[in-house]
Structures are given as structure tokens and as C-alpha cells.
Amino acid sequence: MFLAGEEWAARFEGFRWEAWRLETLPQYLMPQEDEEFQAFKAGVRIDPRSVSNEYTDRLRRQTAEGRTQGRVHIVTRPLTDYLRFEFAQYYAPHSLAGERIRILDVTDRANPLAGVQDFWMFDRAEVVLMNYHPDGRQINREIYEGDVARFIEYQRIAVTESVPLEEYVKGVDV
């Protein structure tokens, strides 16, 4: 089953205790980000402490309710323009709003999750596969119909092998 619109948004309101994502691509080509991405490449920067929008408000509310949202992004250096944009424009304010963001840099080592595709997992009970073209254009979101045990293991590996965003950005050019 494919998810879009309200059905997709409902996953982020309805989870009981954890929403978690694995990101594996060096860029995501999302049309709604294009103008902001172009501005970033032209030198426009935001103050992450001043960001307040639907996403950050939801993160703050969920954190206050004891629900967590987190992710690990697998990267290699040098970071792409898109990753620098994502770290500054999204990850920094989202982290301040309560999202637990970690980075798994595989520049100088084997990727412990090679071949694993992007996914979201909700309460370690439901997995939604994020299907993308190799260039980062989204194809669709698909509910995974099998046993989620391997995705729980992917999450364990990703979290164990990664570092918090704040630690990672201290050592790289963002």
C-alpha cells in the first residue's frame, strides 16, 4: 500500500512513542525546497533558534508529550551542497526542537548498512519504505508488509555507529 497526503501525515500524529528514519542519499530533490536551496547556495542563512513552523511546533509538542522522533543520515565527505543545506536549514532547527538527529559518516570505513534503503519506522511496529530515484527524486512511500525485525536491527546499528549531529558538525565544514 502506498501512502500520501493525510494518510502519510497521520503517521506523525498517531505514533505512540517513536518515529524514526534512516536516510541514505546525498541529496533529496524535493520541489518545495528548491527556492530555499537556491537561496542557501547564494549565501542566505537562517538562525536555527528563530525557526518556528508546523514541523518544529509538532516536534516540541511531541517531545513535551514524551514521544520521540529521530533519524540517522549516512553520509560521506565532502558533503554535498544539499547535505550542507539540510544540516543548516533543517537539522539544526529540528534538533533544537527535540528531534534526535545522528550522522553516520562512512567516508573512511565500510558502510555497515550498505544496500539498505531509506525508511521510516513507527513504534517499531510499522515500516514505511521511502522509494527514491538514484538522484534523490521521490517515487513513493510504501508500507512494508513483512516482519519489521530487520529494520529494528538496522536502527540499532545506525544509532550505535553514528554520532549526534552537534558532535559531527564540530569536525566538518558545513
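Reply: Start with Glu99 and Arg71. They form a salt bridge, and their closest N and O atoms are 2.6 Å apart. Glu99 sits in the loop between helix 4 and strand 3 (100-105), while Arg71 belongs to strand 2, so this pair ties together parts that are 28 residues apart in sequence. Both Glu99 and Arg71 are buried, where buried means under 20% relative accessible area, exposed over 50%, and partly exposed in between (1.4 Å probe, protein chains only).

Some ground rules. This is a predicted model, in which local features need pLDDT of at least 70, side-chain atom pairs count only at pLDDT 80 or more, and totals for chains, interfaces and linings use all residues. Residues are numbered from 1 along each chain as its sequence is written, and side-chain values use heavy atoms, with hydrogens and water left out. Helices (H or I, at least four residues) and strands (E, at least two) are DSSP runs, numbered from the N terminus. A salt bridge here is a side-chain nitrogen of Lys or Arg within 4 Å of a carboxyl oxygen of Asp or Glu.

By that rule, there are 17 salt bridges. Side chains of opposite charge can pair when their charged atoms come close. Glu99 and Arg71 also belong to a salt-bridge network, together with Arg21, Glu23 and Asp118.

Next, Arg77 and Asp108. Their side chains meet in a salt bridge at 3.3 Å, N to O. Arg77 is in the loop between strand 2 and helix 4, and Asp108 is in the loop between strand 3 and strand 4, so the pair ties together parts that are 31 residues apart in sequence. Arg77 is partly exposed at 38% relative accessible area. Asp108 is exposed, at 69%.

A further pair is Asp47 and Arg49. Their salt bridge is 3.4 Å, N to O. Asp47 is partly exposed at 34%, and Arg49 is exposed at 66%.

Leu79 is buried, with 6% relative accessible area. Its C-alpha atom is 10.0 Å from that of Asp105, 26 residues away along the chain.

Seven strands make an open, mixed sheet in the order 6-5-4-1-2-3-7. Strand 6 (138-143) and strand 7 (163-164) are the edges, each with a single partner strand, so one side of each has no neighbour in the sheet. Two strands pair if DSSP finds at least two bridges between them. Strand 1 and strand 2 pair in the parallel sense over six bridges. Leu22 has Val72, in strand 2, as its bridge partner.

Helix 4 lies across strand 1, strand 2 and strand 3, and runs at about 160° to strand 2. That angle is between N-to-C directions, from 0 to 180 degrees, with axes fitted to C-alpha atoms, for helices over the stretch in contact.

Last, helix 5. Its buried residues are Phe151, Tyr154, Gln155, Ile157 and Ala158. They cover an arc of only 165° around the axis, which puts them on the same side of helix 5; the arc is that of the directions from the helix axis to the C-beta atoms. What covers these residues includes strand 1 (18-23), strand 2 (68-75), strand 4 (119-122) and strand 5 (126-132). Contact means heavy atoms within 4.5 Å.
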